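This briefing sets out the computed features of one protein chain, grouped by topic. Please read it alongside the sequence and the structure shown below.

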Amino acid sequence: QVQLVESGGGLVQAGGSLRLSCADSGRTLSTYGTGWFRQAPGKERVFVASISWSGGSSYYADSVKGRFTISRDNAKNTVYLQMNSLKPEDTAVYYCAARSGIGRYAPPRRSDEIDYWGQGTQVTVSS
């Protein structure tokens, strides 16, 4: 059973950095493609970045390319999102997500591919 727990959110000034972590207490995350999505107030949840189970492939939303980096440490069953050069428009609740079943090794890019969600962590970027 996958149980995702995010951490690392907080308040940061524009231009600053944060690193989000997603840990799986069920110790199975290493076998799933994993991603990060975010939801700003009054808006839909959208894709941010994702990574394959092996870490060999990753995808990013255009809005974060060159600023965010997704990575994983399968020995620790943890996925990370390093966020640099943060902007006020990055303010949102960030959710860790994993896919299972057929295609579970690939990086997810759509909400309908997700089988497991974390509870979310708030990221606030002040101008």
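The accessible surface of the protein chain comes to about 6300 Å², and carbon and sulfur atoms account for 47% of that surface; accessible areas come from the Shrake-Rupley method with a 1.4 Å probe, and for residues only the protein chains shown count as cover. The model is predicted, so local features need pLDDT of at least 70 and side-chain atom pairs count only at pLDDT 80 or more, whereas totals for chains, interfaces and linings use all residues. Residues are numbered from 1 along each chain as its sequence is written, and side-chain values use heavy atoms, with hydrogens and water left out.

**Overall fold**

- The protein chain has eleven strands and zero helices, where helices (H or I, at least four residues) and strands (E, at least two) are DSSP runs numbered from the N terminus.
- Read along the sequence, the pattern is β-β-β-β-β-β-β-β-β-β-β.
- The radius of gyration of the protein chain is 13 Å, close to the 14 Å that the globule rule gives for 127 residues, so the chain is as compact as a globular protein of that length; the radius is taken over C-alpha atoms, and the rule is 2.2 Å times the number of residues to the power 0.38.
- Along the principal axes, the C-alpha atoms of the protein chain fill a box of roughly 40 × 25 × 25 Å.
- Of the 127 residues, 44% count as buried; buried means under 20% relative accessible area, exposed over 50%, and partly exposed in between (1.4 Å probe, protein chains only).
- Among contacts (heavy atoms within 4.5 Å) between residues at least 6 apart in sequence, 60% join residues at least 24 apart.

**Disulfide**

- A search of the whole structure finds one disulfide, defined as a pair of cysteine sulfur atoms within 2.5 Å.
- The disulfide is formed by C22 and C96, with their sulfur atoms 2.0 Å apart.
- Because C22 lies in strand 3 (residues 18-24) and C96 in strand 9, the pair ties together parts that are 74 residues apart in sequence.
- The torsion about the S-S bond of C22 and C96 is about -80°, so the disulfide is left-handed.
- C22 is buried, with a relative accessible area of 0%, and C96 counts as buried at 0% relative accessibility.

**Salt bridges**

- The count comes to six salt bridges, each a side-chain nitrogen of Lys or Arg within 4 Å of a carboxyl oxygen of Asp or Glu.
- R99, R110, D112 and E113 are linked in a network of salt bridges.
- Within this group, R110 pairs with D112, the closest N and O atoms being 2.9 Å apart, and the side chains of R110 and E113 meet at 3.5 Å, N to O.
- Another of the salt bridges joins K65 and D62, with the closest N and O atoms 3.2 Å apart; both K65 and D62 are exposed.

**N77 and T78**

- N77 lies in the loop between strand 7 (68-73) and strand 8 and is buried, with a relative accessible area of 10%.
- Phi of N77 is near 50°, a positive value in a residue other than glycine.
- T78 is found in strand 8 (residues 78-83) and is buried, with a relative accessible area of 10%.
- The side chain of T78 reaches the backbone oxygen of K76 at 2.8 Å.
- Leaving aside neighbours within four places in sequence, T78 is in contact with S21, C22, A23, R72 and D73; among them, C22 is a partner in the disulfide.

- S85 has its place in the loop between strand 8 and strand 9 and counts as partly exposed at 41% relative accessibility.
- Phi of S85 is near 50°, a positive value in a residue other than glycine.
- S100 is found in the loop between strand 9 (92-98) and strand 10 (116-117).
- S100 and L29 are 71 residues apart in sequence and 9.7 Å apart in space, C-alpha to C-alpha.
- Leaving aside neighbours within four places in sequence, S100 is in contact with Y32, D115 and Y116.

Conventions:
Polar contact = N/O pair within 3.5 Å; in protein donor to acceptor, adjacent residues only side chain to side chain.
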